[in-house]
Amino acid sequence: FGGTIQPTNVPEILQIDCRATDFYKKQAAYPTYLFFNPYTSSKTVTIELGSKKTDVYDTVSRSFLKRGVSGKMSFDIAGDAARLLVLIPAGGKYSVSNGRLTAGGISVDFRYK
């Protein structure tokens, strides 16, 4: 499980790789990470996205936090709340069908607005 959990800049808020333990994956998926804030107040977390431009989608709020970003990115997490971020290569084609958001033909959110 060493590669599943990474620390963040905020003690006790971890970056958990949701795909690392998906032993039953049957379809392609983008990198997906869970962050939970155990504090009672909002915290700002900074993560490293790498050098490629990325669209960052939060499945909890069903919204894009940022589009076309690379390098370090910061985002807020409310107290006693979570964010489930999907990292999608920027510039892809998005579509919505039957409440399912896809990017480049890969599912991102099954309950899109």
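Author: Rings of Phe, Tyr and Trp (its six-membered ring) pair if their centres lie within 6.5 Å; planes under 30 degrees apart count as stacked, over 60 as edge-to-face and the rest as tilted. This is a predicted model, in which local features need pLDDT of at least 70 and side-chain atom pairs count only at pLDDT 80 or more, while totals for chains, interfaces and linings use all residues. Residues are numbered from 1 along each chain as its sequence is written, and side-chain values use heavy atoms, with hydrogens and water left out.

Reader: How many aromatic pairs does the structure hold?

Author: The pairs are found by the ring-centre limit of 6.5 Å. By that rule, the number of aromatic pairs in the structure is four.

Reader: Is the pair of Tyr57 and Tyr112 stacked, edge-to-face or tilted, and which class follows from the planes?

Author: The ring centres of Tyr57 and Tyr112 are 6.3 Å apart. Their planes stand at 45°, so the pair is tilted.

Reader: How many residues apart are Tyr57 and Tyr112, and where do they lie?

Author: Tyr57 belongs to strand β5 (residues 54-58), and Tyr112 to the segment after β11. Strands (E, at least two residues) and helices (H or I, at least four) are DSSP runs, numbered from the N terminus. The pair links distant parts of the chain, its members being 55 residues apart.

Reader: Is Tyr57 buried or exposed?

Author: Buried means under 20% relative accessible area, exposed over 50%, and partly exposed in between (1.4 Å probe, protein chains only). Tyr112, at 24%, counts as partly exposed. Tyr57 has a relative accessibility of 0% and therefore counts as buried.

Reader: What class of pair do Phe64 and Tyr94 form?

Author: Phe64 lies in strand β6 (residues 63-69) and Tyr94 in strand β9 (residues 94-97), so the pair ties together parts 30 residues apart in sequence. The ring centres are 5.2 Å apart and the planes are at 80°, so the pair is edge-to-face.

Reader: Which residue lies over the face of Phe64?

Author: A charge sits over a ring if NZ of Lys or CZ of Arg is within 6 Å of the ring centre and within 35 degrees of the ring normal. Lys43 has its charged end over the ring of Tyr39, 4.6 Å from the centre. For Phe64, the residue at 3.8 Å from the ring centre is Arg67.

Reader: What is the volume of the largest pocket?

Author: On a 1 Å grid over the protein atoms alone, a pocket is an open set of points where a 1.4 Å probe fits, with protein on both sides within 12 Å along at least five of seven lines; lining residues have an atom within 4 Å of a point. Grid points are joined across faces, edges and corners, and a volume is the space filled by probe spheres set on the points. The volume of the largest pocket is about 330 Å³.

Reader: Which residues lie closest to the centre of the largest pocket?

Author: β8 (81-89) and β11 (106-109) each supply at least two residues of the lining. Of the 16 lining residues, the closest to the centre are Ala29, Thr32, Ser107, Val108 and Phe110.

Reader: What phi does Asp80 have?

Author: Most residues other than glycine have a negative phi. Asp80 is in the loop between β7 and β8 and counts as exposed at 58% relative accessibility. Although Asp80 is not a glycine, its phi is positive, at about 55°.

Reader: Is Arg62 buried or exposed?

Author: Arg62 also has a positive phi, of about 55°, and sits in the loop between β5 and β6. Its relative accessibility is 17%, so Arg62 counts as buried.

Reader: How far apart are the C-alpha atoms of Val86 and Ala29?

Author: Val86 is found in strand β8 and is buried, with a relative accessible area of 4%. Val86 and Ala29 are 57 residues apart along the chain, and their C-alpha atoms are separated by 9.0 Å.
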